[in-house]
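Subject: Structure for your review

Dear colleague,

Please find below the structure that I am handing over to you, followed by an account of what was found in it. I would be grateful if you would read the two side by side.

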Amino acid sequence: MSDSLDRSTKINLLREPLVKKLCEVLDKSSNKGWRKLGELVGNDRRFKVSPDDMEMCSLKVLELEGSPSRTLLRLMGDRGCTTGHLVDYLQTLGNSEALQCMKPSALQILIQPQSVALISGHNLRLSCHAVGKSLVQYQWFKTNEEVPNSFSSDLVMSPVCLQDAGFYICRVNCGDSFEFSQWVQVDVLNVTGSCGQSYHSLEGRLKLVIQPQSQRLHVGETLQVECGAVGRPIPRYQWHRNGVPVPNATKRKHMIPHSMEDHHGRYRCEISSSTERMWTKEVDVAIDDVYAIGGGSSDFFLNNVPDQLHATDKVALLIGNLSYQNHPQLKAPMVDVYDLANLLRQMNFQVVSLLDLTESEMRNAVEEFLLLLHKGVYGLLYYAGHGYENYGNSFMVPVDAPNPYRSANCLCVQSILKLMQEKETGLNVFLLDMCRKRNIHDDSAPNIVLRVTANIVFGYATCQDAEAFELSSSGFTNGVFVKFLKNRLLDDEKITVVLDRVAEDMGQFDATKGKQALEIRSSLSERRALTDPILPGDSADLAHAHSLQWAKAHELPESMCLNFDCGAQIKLGFAAEFSNVLVIYTHIVKKPEDMSFCQAHVTDFSQDLDVDPKEMNRETPEETGIYLLSSNLPQHCLYTRVSALQKLREELVFTVCLQGTFTAMDDESVHWTKSINIGKPLIARLDLNRGVRRNSCLQTCMMPHSPSHSPCHSPGPEHHLHLKSHQAQDYNRLSPQHHYLDVYEHQGAAGGCGDSFYDNVGQSRCEPAYDSAGGLSSSPGRLSTPIETTDDIHELQTVFINSLQLQQQ
């Protein structure tokens, strides 16, 4: 096969232009296309393409620009199919057009240049290598001008200067044939004192070399914050102000020509590439009506900005359990988790929010959370649901816990904290919104020895041997703790100061005064705040790899337009209420003029999921149980709420059914259906339904010891944990025997202690003691896309082509 590609080349390593052309041929061919190819491969035991695989390929026609052939080729490549195998199949098919695609052209560019950001004074090298049937010639261009004396495959500038920054492309000639390389951008940064650095150390890795600076401006002056990183490929930039991305601020230099007072705030930039992510420091920009002290100079301001503590990353896991199988149901955890997730995201926490987890799901979620923790990371875990405390150890109760439950059925908070400490985190925050009554059915006392560290903060919604309450047993309102916490959480204060103020606010709340008081335990010696900026540390590459995994829990399916044979078109959209709760909505975009009625609904969901048929395809979000996200959803749709995505074992497949009536048919109803596969959305990607490993570090330790000698019982001075109590009790003394209030049934007080107080506050979160109820792959051989400034490149392409045409005329 001398006139074709190397037969041993894996399909996944084929160049994108060839793959695209081949897919176009196979997609459009009816009797010699991808279906026939799939049948041939399916009969070959080496590659095992099953009927289910073929069905998955066929579903790609429902997606915009979806290609069944591309999916089939990817499957074949993953299973070891080579170019030689593919050519043999195409010859058997007799598809001459597809075979022609496999033959090399007279000229091929094998190595494409890559965009790069580098420091002025270093050496620049752009490489483009091509092969042809005769001598290959090169010519480099900067924008639409030829670069003088650039006739080699390598464009070298030594040293590079600021004027060399711009967009470059290479034209390759071979006889009468010519090809253009891809466009690349060269960004040259002016960094003082960089001459002694080695350029080679900057290749392939992002390196932050320019940090933004604080400034004080007068209204009307130009606001400009600048940062810069070097590396190959060129970095992407996104500026943030007060934790929120600034629209269209995607350049190294973010400039506002005429600043206004409302442009003031804290600015920082997220810098990323295809494999790395980092943050600049956060700086203050003040904009006043009058000049700052010193005749308008900002020197006073800049020289008095204190050094600020920072996190290398911020991650949070929020769990709200409310739909218990064997215990009283709760209401507030859903609202509490939703509100806290939104607040934490404003402070740049990566948040996963989950409702109603079983024991194994909780353990797996925490295990995924622990993978994100590295040196200097701020980790926050919030739990709302049933719970208890024995001998100084707190236990979170899963929704599938038996009645009565014991420590083996629950998650021990101190066990998780011990594992967090081993990660050398910068701050560990536990917010436990649960009861802390003793569980008389559980006599175990885990022997958990915590390290002496200065980074632990416990925020207990209630004191020891006390209950935590919801404000109402019906409706959707916050619990007592979060009702006050959400008003303080964004304060730029030390986290213990924030919790102190929350405790004071709760102390003024008449409904729970004397019943529930916030307790804070802290060993925090530094002024660590949840609002601290993020500055990645030495393990940024490892942290980023795990962050990509965590980010999967936020990936929504893309909206899609579905066209039906009747001429109707609908939009299928998606939203996330929680990381394991998906909202699906359908909207009629277009319907035939002779159709009097048209409606699209979804059906046929997996039995693993929590979807109530009576609450599907409703005309308002509230009718289907979507109360918290309803204001953010589009109107005039049918809505369906899909819960418990963590239980999804396979890809999510469902049916979209279009129902219509035509006036010419006496309004007789007609149906059309389409099967939709959206993969594994949101938290389903993390497979929390897998069994807990036998050697999992999250299994509860059952080593008994005397409670009076428990190392983690009411940590005292030996752990440097300072106990802050807001009731006149000595909580450092704990006895296995506690005084219990008399318990009796009270109407409307599920799980509560008999007291008229519950008529006003709702139920408690503890259990009564008596109750018995690009290309084909991302392989190294694939050419990477070198440039992220797509709009700039498209505009430049037009200008460049027009200039070449003018030169030819």
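Predicted model: local features only at pLDDT ≥ 70, side-chain atom pairs only at ≥ 80, totals over all residues.

**Helix H4 and its surroundings**

I begin with helix H4, which spans residues 68-78. How many of the residues of H4 are buried? The count is 9 of 11, and H4 is thus mostly covered. The buried positions are Pro68, Ser69, Arg70, Thr71, Leu72, Leu73, Leu75, Met76 and Gly77. The cover over these residues includes H1, helix H2 (34-42), helix H3 (51-58) and H5. Just after H4, Gly80 adopts a positive phi of about 95°.

A pair of packed helices is described by the angle between the two axes and by the distance between them.

Helix H1 (residues 16-28) packs against H4 at an angle of about 120°, and the axes are 8 Å apart. That angle makes H1 oblique to H4. The crossing of these two helices is right-handed. On the H1 side, the contact is made by Glu16, Val19, Lys20, Leu22, Cys23, Leu26 and Asp27, and on the H4 side by Pro68, Ser69, Arg70 and Leu73. By class, the residues of this contact are 6 nonpolar, 1 polar and 4 charged.

For H2 and H4, the axes come within 10 Å and cross at roughly 20°. H2 and H4 are therefore roughly parallel to each other. Their crossing is left-handed. Here Trp34, Leu37, Gly38 and Val41 of H2 meet Pro68, Ser69, Leu72, Leu73 and Met76 of H4. The contact of H2 with H4 has 7 nonpolar and 2 polar residues, with no charged residues.

**Thr82**

Thr82 lies in the loop between H4 and helix H5 (83-93). Is Thr82 buried or exposed? Its relative accessibility is 11%, and because the cut-off for a buried residue is under 20%, Thr82 counts as buried. Leaving aside neighbours within four places in sequence, Thr82 is in contact with Arg7, Ser8, Thr9, Lys10 and Ile11. The C-alpha atom of Thr82 is separated by 8.4 Å from that of Asn12, although the two residues are 70 residues apart along the chain.

Lys571 has His587 in S32 as its bridge partner.

A further open sheet has 3 strands in the order S33-S35-S36, and its pairing is antiparallel. The edge strands of this sheet are strand S33 (595-603) and strand S36 (669-677), each of which pairs on one side only. Neighbouring strands are turned by 15° against each other on average, with direction ignored. Strand S35 (residues 653-662) pairs with S36 over 9 bridges in the antiparallel sense. Val656 stands opposite Lys674 in S36.

Yours sincerely

Notes: Residues numbered from 1 in each chain as written. Heavy atoms only, no water. Axes fitted to C-alpha atoms, helices over the stretch in contact; angles between N-to-C directions. Helix = DSSP H or I, 4+ residues; strand = E, 2+ residues; numbered from the N terminus. Parallel < 35°, antiparallel > 145°, perpendicular 65-115°, else oblique. Left-handed = near helix turned anticlockwise from the far one by under 90°. Contact = heavy atoms within 4.5 Å. Nonpolar A, V, L, I, M, F, W, Y, C, P; charged D, E, K, R; others polar. Pairing = 2+ DSSP bridges. Buried < 20%, exposed > 50% of the residue type's maximum accessible area, 1.4 Å probe, protein only.
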